[in-house]
Amino acid sequence: MRAVIVAAFVAFALTMALTPLAAKLFRRLKAGQPIRTDGPQTHLAKAGTPTMGGVVFIFTTVLAYICGHLVLMALPERVNGVTFNRPTGFTATGIVLIGLFVACGFVGFIDDWLKIRRKHSGGISGRAKVVGLSIAATIFGILAVYYTGSIDSKEISETVATPYLSFTSDIGPNLTKVGMVLLIVLLVNATANGVNLTDGLDGLATGASMMAFLAFMIIGFWEYRHWCGGAQPADNLCYDVRDPLELALIAGAAAGAMFGFLWWNTSPAQIFMGDSGSLSLGALIAGLAFASKTILLLPIIGALFVITTASVMIQVTSFKLTGRRVFRMSPIQHHFELAGWSEVTIVVRFWIIAGIGVAIALGFFFADFLRIAG
């Protein structure tokens with residue numbers, strides 16, 4: 001647990017310190033956020049606010065993850081006669097998740113850079129964004145499903161992801177390895193775009209993502225405390241997950257980075273995360289779900305992202321079929337803005353919704369463990 005706490009604190013401290021420096025640098029480079037003219041008129045005052053803040057917390061999360069491993073290497077393997085079964089070196093899970101995080105952040109960075117260069121809110125096309133995310137997800141999905149690697153130089157047969165659907169563990173059916181790679185691509189695209197759509201108000205996506213990462217940190221650490229350790233599970237109380245401590249470490253680092261970034265991103269935001277931030281966050285959240293074998297918990301943990309995405313789908317479908325709009329504007333947070341709610345009120349209430357989703361998901365996770373234990 002010490003390594004997870006250190007990773008979270010390092011990410012928080014570095015993000016707190018580096019974000020205002022990045023904001024000043026981006027402001028000098030005139031890397032300001034172009035604002036949609038067809039959006040809420042109150043947003044026009046935000047034009048020119050530095051964007052691409054995602055670059056900062058991607059960097060700090062990766063650095064904090066490395067620091068967490070340095071702590072693991074320094075910790076004794078035996079305490080009071082008890083041997084701790086934990087990998088200290090970098091693992092396949094870490095490579096897959098960090099690689100996916102950075103790669104999808106790069107897709108978002110290209111989008112942000114084009115918006116700044118063109119001085120227009122339109123960056124790369126939606127189709128190009130899907131292609132970029134799909135390429136990144138396919139590469140790391142293949143690694144997750146096919147590559148076994150080793151834990152501390154010991155060859156093992158486990159992969160980061162299995163071909164099965166999962167809730168709190170694998171439950172079936174067998175989708176085949178190809179099918180799981182396709183599902184990973186779908187999940188990464190859906191979650192990345194869900195976070196991207198939610199990122200419309202100051203601090204909204206940052207706070208909601210932080211809650212999701214805290215959930216996966218708790219899940220990962222609990223799985224580690226009840227880990228099979230690469231052996232065949234003798235009973236159902238043992239989690240057969242590839243590298244659960246890695247999950248807690250990465251999720252804890254990301255949560256710490258989000259906490260630090262929120263200081264500068266909350267209303268009135270001094271910097272925006274941009275697509276480099278939102279796409280990377282969504283991809284990492286999806287990656288944590290398949291690596292922790294909680295795929296079917298993902299829509300509950302990311303309930304706010306699901307609601308936001310659904311509001312856009314409902315709006316588009318309704319307008320195409322009937323010519324009428326269900327909401328005054330989508331995503332749904334803008335509907336409430338036009339209804340007269342203040343930005344802070346919407347953000348706090350949406351955070352509550354995100355927190356409820358996380359609480360329900362953790363409730364399901366621990367209830368299933370107690371059911372098996374009973």
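**Reading a predicted fold, one feature at a time**

Reader: Let's start with Ile332: is Ile332 buried or exposed?

Author: Ile332 counts as buried, at 13% relative accessibility. Buried means under 20% relative accessible area, exposed over 50%, and partly exposed in between, with a 1.4 Å probe and protein chains only. Before you go on: this is a predicted model, where local features need pLDDT of at least 70, side-chain atom pairs count only at pLDDT 80 or more, and totals for chains, interfaces and linings use all residues. Residues are numbered from 1 along each chain as its sequence is written, and side-chain values use heavy atoms, with hydrogens and water left out.

Reader: Which helix holds Ile332, and what does Ile332 touch?

Author: Look at helix H11, residues 332-338, for Ile332. Helices (H or I, at least four residues) and strands (E, at least two) are DSSP runs, numbered from the N terminus. A contact is a case of heavy atoms within 4.5 Å. Skipping neighbours within four places in sequence, Ile332 contacts Ser311, Phe327 and Phe350. Its C-alpha atom is also 9.3 Å from that of Gln315, 17 residues away along the chain.

Reader: How do H1 and H2 lie to each other?

Author: First, the general idea. Axes are lines fitted to C-alpha atoms, for helices over the stretch in contact, and angles run from 0 to 180 degrees between N-to-C directions. Under 35 degrees is roughly parallel, over 145 roughly antiparallel, 65 to 115 roughly perpendicular, and the rest oblique. Now the case here: the axes of H1 (residues 2-28) and H2 (residues 54-74) come within 8 Å and cross at roughly 150°. H1 and H2 are therefore roughly antiparallel. The contact between them includes Val6, Val10 and Leu14 of H1 and Phe59, Leu63 and Val71 of H2. By class, that contact has 16 nonpolar, four polar and one charged residues. Ala, Val, Leu, Ile, Met, Phe, Trp, Tyr, Cys and Pro count as nonpolar, Asp, Glu, Lys and Arg as charged, and the others, Gly among them, as polar.

Reader: What about H10 and H12: at what angle do they pack?

Author: About 120°, with the axes of H10 (residues 303-322) and H12 7 Å apart. H10 and H12 are therefore oblique to each other. Ala303, Leu304 and Ile307 in H10 meet Phe350, Ile353, Ala354 and Gly357 in H12. This contact has six nonpolar, one polar and no charged residues.

Reader: How many aromatic pairs does the structure hold?

Author: There are 13 aromatic pairs. A pair of aromatic rings is described by the distance of the centres and the angle of the planes. Rings of Phe, Tyr and Trp (its six-membered ring) pair if their centres lie within 6.5 Å; planes under 30 degrees apart count as stacked, over 60 as edge-to-face and the rest as tilted. Take Tyr65 and Phe90: their ring centres are 5.7 Å apart and the planes sit at 45°, so the pair is tilted. Tyr65 is in helix H2 and Phe90 in the loop between strand S2 (82-83) and helix H3 (92-118), so the pair ties together parts 25 residues apart in sequence. Tyr65 is buried at 5% relative accessibility, whereas Phe90 is exposed at 52%.

Reader: Which way do Tyr239 and Phe369 pair, stacked or tilted?

Author: Stacked, at 6.2 Å centre to centre with 15° between the planes. Tyr239 lies in the loop between H6 (204-225) and H7 (244-265), while Phe369 is in H12 (residues 343-373), 130 residues apart. Tyr239 is buried at 9%, and Phe369 is buried at 12%. Trp222, Tyr239, Phe365, Phe366 and Phe369 form one aromatic cluster.
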